[in-house]
Amino acid sequence: MSDAPHSYVTEHVVAYDYRRSVGPVLGRFFTALRDDKQILGTRAPGGRVLVPPVEADPESGEGLGTDDLVEVGPGGRVATWAWVNEPREQHPLRRPFGWALIQLDGATSGFLHAVDAGEESRMHSGMRVRPRWRSERVGEIQDIECFEPEDAA
Amino acid sequence: MSEEKQPVKSITTPTRLVYQWAATGTQAAFLNRIARGELIGQRCPECRNVYCPHSGNCPRCGVATTETVDVQDRGTIITFCIVRVPSENIDLKLPYCAANILLDGSDMPFTALLDECEPADVRAGMRVEAVWRPKEEWSNTFENIRYFRPTGEPDVPVEKLGAWV
C-alpha cells in the first residue's frame, strides 16, 4: 500500500431542533391557524395589512400588537412565484410545486407558501388560490399544507 | 375549535444539514497509514511543531506542512474530562473519560477516549497507550484505535508538560 493520495469521502449530518417562543402576536397567528383555520395579519398605518402579523411596523419601528390583528384571506392571488421541479426532502410537497408570494384578500404584503398547481404551465401571476388545511393542526405554518388553485376540482 | 387548548407559545423549527467531507491529500495519507496501524504527523517548516492528526497546514504559522514524520501510539495525558451526562449519538457507558493526549513525537494534543482506568485515578501527566482493534477489523479510520489506557510508566511531572498546562 502506498501513501499516494486516495479519495476518502464520508457523509456527516448536523441536525438540531430549534424551539423558539413566538410572543403574543405570532402566538395568536398560530393559535388561529390551529383552532379556527383563520389567517391573521396586522393592520399598520397607511392602510397596510401585513401577513404574517408583526410586533413592529417594519417601516417606522412603531410598536404594533394584538389589538391590530385582522383576519385576511383565506383566498388570495399569486403575486410572484418560482417553480420547483425536484422537491427536496424537507419541502412541503413531494411532487413539483410552486413557491409563491401570495397576496391574501385584505392584505397588502406577500405571504410565502407553496402552491400545488400540478404543473408549471398552470402557474401565473394573478391566479386565485386558496389554502388546503391539514386535518391535524398543531399550531405551525405547516397547518396550511399548501395553497391550491381556486378553480381546482 | 377546542376550548381546552392552550394558546400557541412556541414553535419547533428543525434544522438539518447533510454534507460530505472529503479528505485532502495529506489527510488521505494519514488514513492510508492508520489502516496499517501506524500514526503519522506533519512538521511545520517554520516553527518545527508536529501535528497529528494533521490538516495540511500549521495553525500557528499559516504555512503548508510538507514533511511527514512518524508519531508513536503512546503519549501523555495533558487534560481530561470525566463525562457523567449522556449525549445523543454517543453510545458509551457512563462515566467515561475524554482525555487530551500528547502523543510521543507530536506537539499538538488531541482528544481520545480513555479506558481501563477508574475516573478518580486519571491525572495530568499520566502515560497512556493506544488499544487497537483486532488487525482483521482495521480500515482507513481513526476508529482502529478503540481507546487509550494507562501504561503504568511513571507520570511525566506536570511542570514538564510545559505550555500545555
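Me: In what order do the elements of chain B run from the N terminus on?
Reply: The order in chain B is β-α-β-β-β-β-β-β-β-β, which comes to one helix and nine strands. Helices (H or I, at least four residues) and strands (E, at least two) are DSSP runs, numbered from the N terminus. Residues are numbered from 1 along each chain as its sequence is written, and chains are lettered from A and ligands numbered from 1 in the order in which they are written. This is a predicted model, in which local features need pLDDT of at least 70, side-chain atom pairs count only at pLDDT 80 or more, and totals for chains, interfaces and linings use all residues.

Me: What is the mean pLDDT of chain B?
Reply: The mean is 91, and 97% of the residues of chain B reach 70 or more. pLDDT is the predictor's confidence in each residue, from 0 to 100. For the model, ipTM is 0.80 and pTM is 0.64.

Me: And where in chain B is confidence lowest, and where highest?
Reply: Confidence is lowest in helix 1 (residues 25-34) of chain B, with a mean of 90, and highest in strand 8 (residues 127-132) of chain B, with 98.

Me: What percentage of chain B counts as buried?
Reply: Of its 165 residues, 21% count as buried. A residue is buried if 20 or more other C-beta atoms lie within 10 Å of its own, exposed if 12 or fewer, and partly exposed in between, with C-beta atoms placed from the backbone.

Me: Turning to chain A, which residues of helix 1 are buried?
Reply: They are Leu26(A), Phe29(A), Phe30(A), Ala32(A), Leu33(A) and Arg34(A).

Me: What covers them?
Reply: The cover includes strand 2 (39-44) and strand 9 (144-149) of chain A, together with strand 1 (10-22) of chain B.

Me: How far apart are the end C-alpha atoms of that helix?
Reply: They are 19 Å apart, which agrees with the 20 Å that the 14 residues of helix 1 (residues 23-36) of chain A should span at 1.5 Å a residue. The expected span is 1.5 Å times one less than the number of residues in a helix.

Me: What is the phi of Lys37(A)?
Reply: Phi of Lys37(A) is near 50 degrees, a positive value in a residue other than glycine. Lys37(A) counts as partly exposed because it has 15 C-beta neighbours inside 10 Å.

Me: And Glu116(B), buried or exposed?
Reply: Glu116(B) counts as exposed, with 10 C-beta neighbours inside 10 Å. Its phi is also positive, at about 60 degrees, although it is not a glycine. Glu116(B) sits in the loop between strand 7 (110-114) and strand 8 of chain B.

Me: Which residues does a cis peptide bond join in chain A?
Reply: Gly73(A) and Pro74(A) are joined by a cis peptide bond, with omega about 5 degrees. Pro74(A) lies in the loop between strand 4 (69-72) and strand 5 (76-84) of chain A. In chain B, a cis peptide bond joins Leu94(B) and Pro95(B), with omega about -15 degrees. Pro95(B) lies in the loop between strand 5 (74-83) and strand 6 (96-103) of chain B.

Me: What is the strand order in the open sheet of three strands in chain A?
Reply: The order is 3-2-4, with antiparallel pairing. Strand 3 (48-50) and strand 4 of chain A are the edge strands, each pairing on one side only. Two strands pair if DSSP finds at least two bridges between them.

Me: How many bridges join strand 2 to strand 3 of chain A?
Reply: Three bridges join these antiparallel strands. In strand 3 of chain A, Arg48(A) is the bridge partner of Ala44(A).

How values were computed:
Contact = placed C-beta atoms within 7 Å.
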